[in-house]
Amino acid sequence: MTKSDLSQQLNLLRQGNRRALAKTITLVESKLDSHRAQAQQILEQVLPFTGKSMRVGITGVPGVGKSTFIETFGLHLIKQGKKVAVLAVDPSSPIAGGSILGDKTRMELLSREDTAFIRPSPAEGSLGGVAHKTRESMLLCEAAGYDVILVETVGVGQSEYEVASMVDFFLVLMLPNAGDELQGIKRGIMELADSLVINKADGESINLATRTQQHYQSAFHLLKAAGFWSPRVMICSALENKNIDQVWQMIMEYQEVAIKHHVFFEKRAAQNSEWMHNLLHEMIQLRLNQNPQVKAKLPILEDDVIHGRTTPYAAAKQIVDLL
Ligand SMILES: Nc1nc2c(ncn2[C@@H]2O[C@H](COP(=O)(O)OP(=O)(O)OP(=O)(O)O)[C@@H](O)[C@H]2O)c(=O)[nH]1
Ligand SMILES: [Mg+2]
């Protein structure tokens with residue numbers, strides 16, 4: 001792409017043009033070095049226009065209703081005049097059969113809205129892990145004027161941690177089952193969550209959902225030290241559009257309280273700094289992997305360490321000194 005094409009595309013993106021946004025995200029996702037350089041230029045240019053959205057991470061086990069919830073929730077926000085972007089972090093490869101925005105639910109109603117933008121992430125891992133491109137895509141969506149960014153990830157593997165480290169508010173969707181919840185939920189997730197929302201609280205499941213809610217609410221009391229925000233446990237039905245507005249009200253309340261306590265922007269700053277350090281590690285790792293001297297020396301040093309001919313420290317230092 002020429003320089004003037006690029007600046008034209010950027011102008012369109014800033015005006016909220018979805019095609020331009022999609023094309024720019026594709027550029028950001030590209031592995032070509034030349035694309036990567038262009039993408040970084042664009043990101044630098046849009047940076048002043050980013051940061052104004054509410055970033056919400058949504059996770060939960062397969063089948064909990066993430067797609068259904070995001071569609072209902074997104075439509076609700078759009079009715080309130082908001083522009084909504086949905087980005088999916090998909091840790092599973094399409095070959096393995098898992099794709100968040102796969103055939104099952106395409107959020108058809110939401111995707112028909114002019115003020116919605118839905119984008120699945122590339123399945124392959126890349127520099128910065130699965131969520132690296134999502135972070136940058138999020139910035140592009142903000143520059144295109146999206147007010148709420150919903151980042152969806154399935155609750156397996158590490159992706160929840162990555163998503164939690166890029167959003168303002170982390171919401172964990174749960175199923176109404178008071179029986180096996182303690183086994184089902186990873187303790188780490190409880191610590192990441194700003195809210196648990198028990199979905200499918202409809203029909204015969206309402207009572208169970210309420211019991212599950214009480215259970216988790218007391219679990220949170222035991223777990224969390226009192227900070228400026230105590231995680232809330234709510235119930236909703238994405239299918240029947242029940243309590244969806246309450247979830248949004250809660251997120252708004254969180255934002256207000258977080259800003260008042262001077263933690264909202266501090267959290268973003270800390271996330272950026274953490275992201276930089278992660279990138280730094282990965283870039284160094286990449287340099288190591290690509291360095292021919294390192295490649296030649298590493299197996300020899302490994303062998304030396306295994307056989308006690310040198311210390312791990314001395315070996316690591318020799319490698320680092322090659323860079
Ligand atoms: N009764 C009821 N069913 C729901 C609700 N939300 C979703 N479902 C149903 O649960 C099933 C799974 O919903 P999805 O939205 O595809 O769930 P998901 O979490 O996106 O699933 P994966 O993409 O496989 O991780 C579908 O059959 C939905 O219709 C709800 O609030 N109540
Ligand atoms: Mg889904």
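Methionine 138 is buried in the predicted model, with a relative accessible area of 2% (buried means under 20%, exposed over 50%, partly exposed in between, with a 1.4 Å probe and protein chains only). This residue is found in helix α6; helices (H or I, at least four residues) and strands (E, at least two) are DSSP runs numbered from the N terminus. Apart from neighbours within four places in sequence, methionine 138 is in contact with Arg55, Leu87, Ile149, Val151 and Met166, contact being heavy atoms within 4.5 Å. Its C-alpha atom is separated by 9.3 Å from that of serine 53, 85 residues apart along the chain.

The lining of the largest pocket comprises 31 residues, with Gln40, His132, Glu136, Trp275 and Leu279 nearest the centre. Two or more lining residues come from each of α3 (33-46), α6 (132-143) and α12 (264-290), and α12 gives the most, with 11 residues. A pocket is an open set of points on a 1 Å grid over the protein atoms alone, where a 1.4 Å probe fits, with protein on both sides within 12 Å along at least five of seven lines; lining residues have an atom within 4 Å of a point.

The protein averages a pLDDT of 87, and 87% of the residues score at least 70; pLDDT is the predictor's confidence in each residue, from 0 to 100. Over residues 93-99 the pLDDT is below 50, and this stretch has seven contacts beyond near neighbours in sequence.

Residues are numbered from 1 along each chain as its sequence is written, and side-chain values use heavy atoms, without hydrogens and water. In this predicted model, local features need pLDDT of at least 70 and side-chain atom pairs count only at pLDDT 80 or more, while totals for chains, interfaces and linings use all residues.

Methods
Chains lettered and ligands numbered in written order.
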